[in-house]
Amino acid sequence: MRSLIKFALFTCVVTLAVVAFAGDKGPDGKTLYKANCLVCHDKGSPNGEYTPMSLISDQWDAFFKTKLVPSHKDAVLPNSGDKKLLEILNPEELKVLHKFCVDHAADSEQPLTCG
Amino acid sequence: MKRLFAFAFLTLWAAACLAGDKPVSSHAQYFEHYEGTKTCLQCHRQDAENFFHSQHYQWEGNAPNIVNADGRKLGKMNTINDFCTNPRVNWIGNVKNSRGEVITKGCSACHAGSGKLPSEKMTEDQLENIDCLMCHANGYRRDLYPDGKGGWEWKPILWQNQVGMDSVAKRISLPTRIMCLRCHSASGGGANYKRGDIEYVLSDTTRDYDVHMGTNGANMQCIACHKGQDHRVRGRGSDLSGTDMPSAPLSCSTKECHGDAPHKLAVLDKHAERISCTVCHIPDFARTDATDMYRDWSKPAYNAEADKYSATITLEKDVKPVYAWYNGTTREQFMGEPVHKLADGTIGMMIPMGSKADPHSKIFAFKLHRAKMPVLDGKDYIIPIEVEEFFSNGNIDEAVKAAAKATYHVDDAKYTWMPTTRYMGIFHGVQPKEKALQCLDCHGKNGRMDWKALGYGQDPLAVLMSAHK
């Protein structure tokens, strides 16, 4: 039990470290969104038009927490040589995307179309 | 495993994010779906009717503080200023630059309505035009969309997302700072351009910046000072025309606030008899975003990044106010009346009345805004500018002529560019007492007071000292 707690704590610390680290390194949310989301959700897309300001932050939280995996498990990125969206995006990138969507959601102070 | 990690990660992270302030869903029980203002009217008809008659909606109202108002109702709608001139000629529309990007949407962006001009007569259509959520819903945002009848309207950006819309429309509260700042910090065409002392940072700032609104200070909302009743706000400052609540003027020295003798030092209270509190307690303004100090409409300037034209605007940061006598009334330059020039030859757009000899006057702190505006030859009438087209094509001559035609029915107007002056009271950004002006800031060499201009001949302290010698 004790070691389990230790492990949990350790994970937390590592997680936090990664969070802090990811803050200033790696691709930014806008670039990721354009490359991985807008490709299928641009204006007039049959999949529905989705930009960060299409949803409120609660809806983005729900999307990243529970909906993304079931609704995009078969999503294949166009022009990627048949790569699956969910295999391309690593956890840090998902985190950056999630934060980007929430920060620019319809009820944020800087709603963005990502145009 | 990778998934699991990702999931743990996201949960942790989401929990950390969600710990912040969450808006209260105060109206969850009151309605299911938000269908525009008519949803609110079911229960708040009286509040809407009150709002309809306010300065905030009509942009016209009683103007007892304008000495040359002659009983007219005044406001943005029928006056002119030296920033964006007059809203009637620039009300609503999507003007695009050569790249097809929207560069301006019209003055109605700062009107708490969905795009219709306010009418004198109260109709259902007008009540439904009021955009309550601008001042009452946390996280509300709107944008300009085609209205389906060839015109434009302001709609929530969530208009196609009913679930999101309903959530936002239920987060109702009295107005918070950010809601007021949605309009007041961006007036004049850019962040803090117009007022200088109503900056966007006031939404979340420190006591060091503003003792009243700083979150580690009194953390006051705008309405802590400005709340009137029945949708009338208190306070007009020195350079707005109409006044919502002339019966309840707003000032620092009323009994409900500080009274007129708040100091331990008698000499400071004595000074306060003739010097407004703001003079010593707001030593400078525009401390975060630079403010527009001079707007030359005669010289179009092209901004390549935005692909947009504007007037040539001189911005300044950390500006020291100018000081002038003021008794609460103002002289205003109107459209359709020959221009009134000051001693320095400039047209006085908004000039505080008062003098040393007038016992109701005190010295106040002002932002002095200068501009160059077109004046109709022969008539000497000041002309507004149809800014919309000008923003995209930079043709100022056309913009002046179009406005002269719309306002004075003159074809191919002949006009002359003239310098103007506007005094704008500085009332926000009160700094901690350690930053207040000290004796020598005014009485020292190169002090802030222009003693001659203020009617003293020379520094009264120096006079007193030499008398004692």
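1. A cavity here is a set of points, on a 1 Å grid over the protein atoms alone, where a 1.4 Å probe fits but cannot get out. Grid points are joined across faces, edges and corners, and a volume is the space filled by probe spheres set on the points. In this predicted model, local features need pLDDT of at least 70, side-chain atom pairs count only at pLDDT 80 or more, and totals for chains, interfaces and linings use all residues. Residues are numbered from 1 along each chain as its sequence is written.

2. The count is three cavities of 30 Å³ or more. The largest cavity has a volume of about 40 Å³. Its lining (residues with an atom within 4 Å of a point) includes B:D197, B:Y209, B:R287 and B:H428. By class, that lining holds three nonpolar, three polar and four charged residues, where Ala, Val, Leu, Ile, Met, Phe, Trp, Tyr, Cys and Pro count as nonpolar, Asp, Glu, Lys and Arg as charged, and the others, Gly among them, as polar.

3. Over all chains, zero disulfides (pairs of cysteine sulfur atoms within 2.5 Å) are found. For A:C37, the closest cysteine sulfur is in A:C101, 6.2 Å away, which is too far for a bond. B:C43 is in no disulfide either, with the nearest cysteine sulfur, that of B:C40, 8.9 Å away.

4. Buried means under 20% relative accessible area, exposed over 50%, and partly exposed in between, with a 1.4 Å probe and protein chains only. A:C37 is buried at 16%, whereas B:C43 is exposed at 62%.

Note on methods:
Chains are lettered from A and ligands numbered from 1 in the order in which they are written. Side-chain values use heavy atoms; hydrogens and water are left out. On a 1 Å grid over the protein atoms alone, a cavity is a set of points where a 1.4 Å probe fits but cannot get out, and a pocket is an open set with protein on both sides within 12 Å along at least five of seven lines; lining residues have an atom within 4 Å of a point.
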